Each structure stands twice: as structure tokens, then as C-alpha cells.
Amino acid sequence: MQVKLGLMLALCWGTAGMAQVTGKDARAALFKGAEAEVDLRPEAGLPEDQAAALVMVGAGQPYYGAIAISPDEGLMSEATVAAANHHTVEAAEVAAKAACDAKKTGASPCVVAALIRPLGWEVRPLMLSADASEGLRKDYPAKGGALAVSPATGAWSIAEGEGAVETAVGACNVKAGAVADCVLAVQD
């Protein structure tokens, strides 16, 4: 009951696209490979050379991610932050902006300059970070498995056997730290 309530709350908090599915359905829904594409955001107002550099750097980050900059300081400042390997771009945006705002010295709030998504991105019934996607493909058991994810941090965990749901959620919450928001995403 707690796991289902947690999943419902997570969905209400903006983790659309994250739903509990079987391992077989999850594998079919996930993007193949770890290649990423970068979606530059016009509100960052970057000159062409900086935009090209940002695309090059962003493409090397694991999806889902976001890069935030301080408009007062520009791209080449300590406040420029990439948050990568989240389960949604929305979570990565929140993390990148918060970290940028904590580092900036200018008055203007940070803006997201780029989003990092899987190559060929489209909305799918399940979205997992690049690492969780790879873990699901390689380590998820054929029977009796559970995969839990943290919508806010990108943490995840796989468990199998009796008590797999509780074990996966608990291990994920340890990885998520103080946030401890893990929910069940995949179960067999």
C-alpha cells in the first residue's frame, strides 16, 4: 500500500511518464543505447560559438539532464551546472537550476540553457535515466524482480526474490539520501 501511494504521489508531483510496468514492458519502452541529444533553450540567449560548445558538452552527458547558467555571468562561470542521469528532464531542470542558483553571484535567477534527452527522444510510457536503463537491461531478473527510482535525484535500485519491492525501495532511498522519495517503477 505504501509503495502504491508513493507512486501515486510521485505521479502527481510531475513525474509523468513514470508508471509501474513489468520488466518485459519496461525493456520495450526504454531507449536503446546511451547516446544523448541536446535541445538548446532559446531563453539562454547564447551566442553561436557558446551554443555549439554547450551541445558538444551536453551530448557527452547521460540522459535525462539539464544545464543551467546564470544569465548575469554567462556560460563560462562557476555557476554553470549540469544535472544528468535523472529519470526525467523536469527533475534534471529543477536540480540544475537549484545548484546554479546556489553558486551564482549575479542577481538574475539561473535559466536552463539545454536539455539532455536520449537520441531520438519521444514521450514513452516509462522514462529512466541512462544508468537505470542500462541496469534494467543487464541486471533485472527474469522473475521476481523490482526496480525502484527516486523521481527527484535519479537514484535507483534493483532487487529480486521475496521482499523485492521493499528491498528495492529501501536501497533506492539510501542512495537518494535525505530526499528518500523512491517509488516502485518496474515489478514482476
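Residues with over 50% relative accessible area are called exposed here, and those under 20% are called buried. The views below are taken from a predicted model.

View 1. Helix H6 runs over residues 164-176. At 1.5 Å a residue, its 13 residues should span 18 Å, which agrees with the 18 Å between its end C-alpha atoms. The buried residues of H6 are Ala 164, Val 165, Ala 168, Val 169, Cys 172 and Ala 176. Because they cover an arc of only 125° around the axis, they lie on the same side of H6. Glu 166 and Val 174 are exposed and sit on the face of H6 turned away from its buried side. After the helix comes Gly 177, with a positive phi near 70°.

**View 2. The disulfide between Cys 172 and Cys 182.** The sulfur atoms of Cys 172 and Cys 182 are joined at an S to S distance of 2.1 Å. The bond links distant parts of the chain: Cys 172 belongs to helix H6, while Cys 182 is in the loop between H6 and strand E7 (183-187), ten residues apart. The torsion about this S-S bond is about -75°, so the disulfide is left-handed. Cys 172 counts as buried because its relative accessibility is 0%, under the 20% limit. Cys 182, at 10% relative accessibility, also counts as buried.

**View 3. The disulfide between Cys 100 and Cys 110.** Cys 100 is bonded to Cys 110, with 2.1 Å from S to S. Here too the pair links distant parts of the chain, with Cys 100 in helix H4 (residues 89-103) and Cys 110 in the loop between H4 and strand E4 (111-118), ten residues apart. A torsion of about -75° about the S-S bond makes this disulfide left-handed. Cys 100 has a relative accessible area of 0% and is buried; Cys 110, with 4%, is buried as well.

**View 4. Both disulfides along the chain.** The structure holds two disulfides. With bonded cysteines counted along the chain, their pattern is 1-2, 3-4. The pairs are Cys 100 with Cys 110 and Cys 172 with Cys 182.

View 5. The C-alpha atom of Lys 143 is separated by 8.0 Å from that of Gly 161, a residue 18 positions away along the chain.

Key
Residues are numbered from 1 along each chain as its sequence is written. This is a predicted model: local features need pLDDT of at least 70, side-chain atom pairs count only at pLDDT 80 or more; totals for chains, interfaces and linings use all residues. Side-chain values use heavy atoms; hydrogens and water are left out. Helices (H or I, at least four residues) and strands (E, at least two) are DSSP runs, numbered from the N terminus. The expected span of a helix is 1.5 Å times one less than its number of residues. Buried means under 20% relative accessible area, exposed over 50%, partly exposed in between (1.4 Å probe, protein chains only). The arc is that of the directions from the helix axis to the C-beta atoms. A disulfide is a pair of cysteine sulfur atoms within 2.5 Å.
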